[in-house]
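Here is a short report on one structure. It looks at one residue and its surroundings, then at a pair of helices.

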Amino acid sequence: MSDRRTIAIAGGGIGGLMAAIALARGGLRVSVFERVGRFAPFGAGIQLSPNASRILYAFGLGKALAQVASEPDGMIVRRGRDARELSRAPLKGYMKQRYGAPYLILHRADLHTILKVAADKEMDVDMQMGAAVADFARHKNGVTVLTERDHQLSEHRVSALIGADGLRSTVRGRMFGNDQPIPAERTAWRALVPADQLPPFFAKNTVGLWLGNDAHLVHYPVRGGSVINVVAIVADAWQTSWSGEGWNAPGDKDELAGRFSAWSPQVRELIDCLPSVSRWALADRKPLRRWGEGEVTLLGDAAHPMLPFLAQGGGMAIEDAMVLGRCLVQGRDIASSLRKYERQRKQRTARVQREARKMSKIYHYGNPMALARDKVLKIKTGQKLVDRYRWIYSHKA
Ligand SMILES: Cc1cc2nc3c(=O)[nH]c(=O)nc-3n(C[C@H](O)[C@H](O)[C@H](O)COP(=O)(O)OP(=O)(O)OC[C@H]3O[C@@H](n4cnc5c(N)ncnc54)[C@H](O)[C@@H]3O)c2cc1C
């Protein structure tokens, strides 16, 4: 494509912003329509494995990342009820040496800010905050996108539309019908707590993973170790009754403590120290057979929402953005470039979606399956545990 026509992106999340940067750097003009008027700093951390971090480095974001992200020494897996160590996997140094890029942990809002600043620096990215994509129509000269801002509708004629509008994507719904996400019957409870308010046990530069019956808990430091990110995921048959409230639905700490009352004293103490908790109803969808039509496609959670058991949703959105950028910038015709992008991404993202579902069961095993799982964890070396996901980490999008 030699002309500079506008590509519209619905959604300014991790995937939408990364796609905007990739497209603009390739010489294309981009309009990002973001529903919210201002990004709120979600209280959560994010892990980025080498398949995703290598892309951020390739886009020259390494310096900004160095200010806010860190490499954990390793991941320690423990049994929830008695804190018994089951496995210890190396991360710092090992991932970079083996997979060519580091494993990073950081505050989600910091990652989002890095992407937003990088997108704002691009002359060819126009960010339209507070503009929700409400509908679109394809025609022979491209796509007309309808946005809504303060109850006012506006039309935008663009050459393509990328739906990067998350789990409950409007673009996906308009293309393929409004099927609902599949509730995982699991709730993620999230909190950020100042490290100096926690027992030293938790203020370490490691990712802690605790496994128990119908629940698991993850913690790791962000912001140079000054804050600890805590995520507890519990089976929750009632989840469907409140799902859809978003990232920051307030949670009741006593309810969370009740769910972990039979766990080790360390975990109970950790929960006791949390200043407040928010909760998020987990859901995913089955892999889609088609992601797009004509000059419209999907990206990130809109295309392949997955459960967070492999910590790969953000990483897959970043990979999508890289591939989309390459296909659109190098392609001659928009529709066929989008189909090429989809062909390159569908199989891999579907595999990660399925693997994340599988892990959601394995993490939450009760006995006797838990005993068998823990035995395998004890036998395998930590490196083997990491390298089991070589197909994820070694990928070069
Ligand atoms: C508990 C939990 C832990 C996680 N941990 C990790 C992790 O460690 N590592 C990792 O890689 N991933 C993790 N993830 C997954 C990751 O957060 C998501 O996969 C990622 O945010 C997807 O990015 P996205 O840009 O596709 O969607 P989103 O981040 O959801 O962004 C979508 C954007 O679109 C906007 N929007 C929605 N509708 C419209 C509309 N109609 N018009 C315009 N804008 C719209 C929204 O406001 C939002 O800004 C985790 C998820 C959960 C729930």
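## The surroundings of one residue

Set aside the neighbours within four places in sequence. Thr144 is then in contact with Asp135, Phe136, Ala137, His139, Glu155, His156 and Arg157. This is a predicted model.

One of these partners, His139, also takes part in a polar contact. There, the side chain of Thr144 meets the side chain of His139 at 2.8 Å.

## Where Thr144 sits

Thr144 belongs to strand β9, which covers residues 142–149. Is Thr144 buried or exposed? Its relative accessibility is 12%, so Thr144 counts as buried. The cut-off for buried is under 20%.

Thr144 and Asp196 lie 52 residues apart in sequence. In space, their C-alpha atoms are 52 Å apart.

## A pair of helices

Two packed helices are described by the angle between their axes and the distance between the axes. Helix α2 spans residues 50–58, and helix α9 spans residues 313–330. Their axes come within 8 Å. They cross at roughly 45°. The crossing of α2 and α9 is left-handed.

## What meets at the crossing

Which residues of α2 and α9 meet? From α2 come Asn51, Ala52, Ile55 and Leu56. From α9 come Gly315, Met316, Ile318, Glu319 and Met322. The residues of this contact divide into 6 nonpolar, 2 polar and 1 charged.

Methods: Residues are numbered from 1 along each chain as its sequence is written. This is a predicted model: local features need pLDDT of at least 70, side-chain atom pairs count only at pLDDT 80 or more; totals for chains, interfaces and linings use all residues. Side-chain values use heavy atoms; hydrogens and water are left out. Axes are lines fitted to C-alpha atoms, for helices over the stretch in contact, and angles run from 0 to 180 degrees between N-to-C directions. Helices (H or I, at least four residues) and strands (E, at least two) are DSSP runs, numbered from the N terminus. A crossing is left-handed if the near helix is turned anticlockwise from the far one by less than a right angle, and right-handed if clockwise. Contact means heavy atoms within 4.5 Å. Ala, Val, Leu, Ile, Met, Phe, Trp, Tyr, Cys and Pro count as nonpolar, Asp, Glu, Lys and Arg as charged, and the others, Gly among them, as polar. Buried means under 20% relative accessible area, exposed over 50%, partly exposed in between (1.4 Å probe, protein chains only). A polar contact is a pair of N or O atoms within 3.5 Å; within protein, one must be able to donate a hydrogen and the other to accept it, and residues adjacent in sequence count only if both atoms are side-chain atoms.
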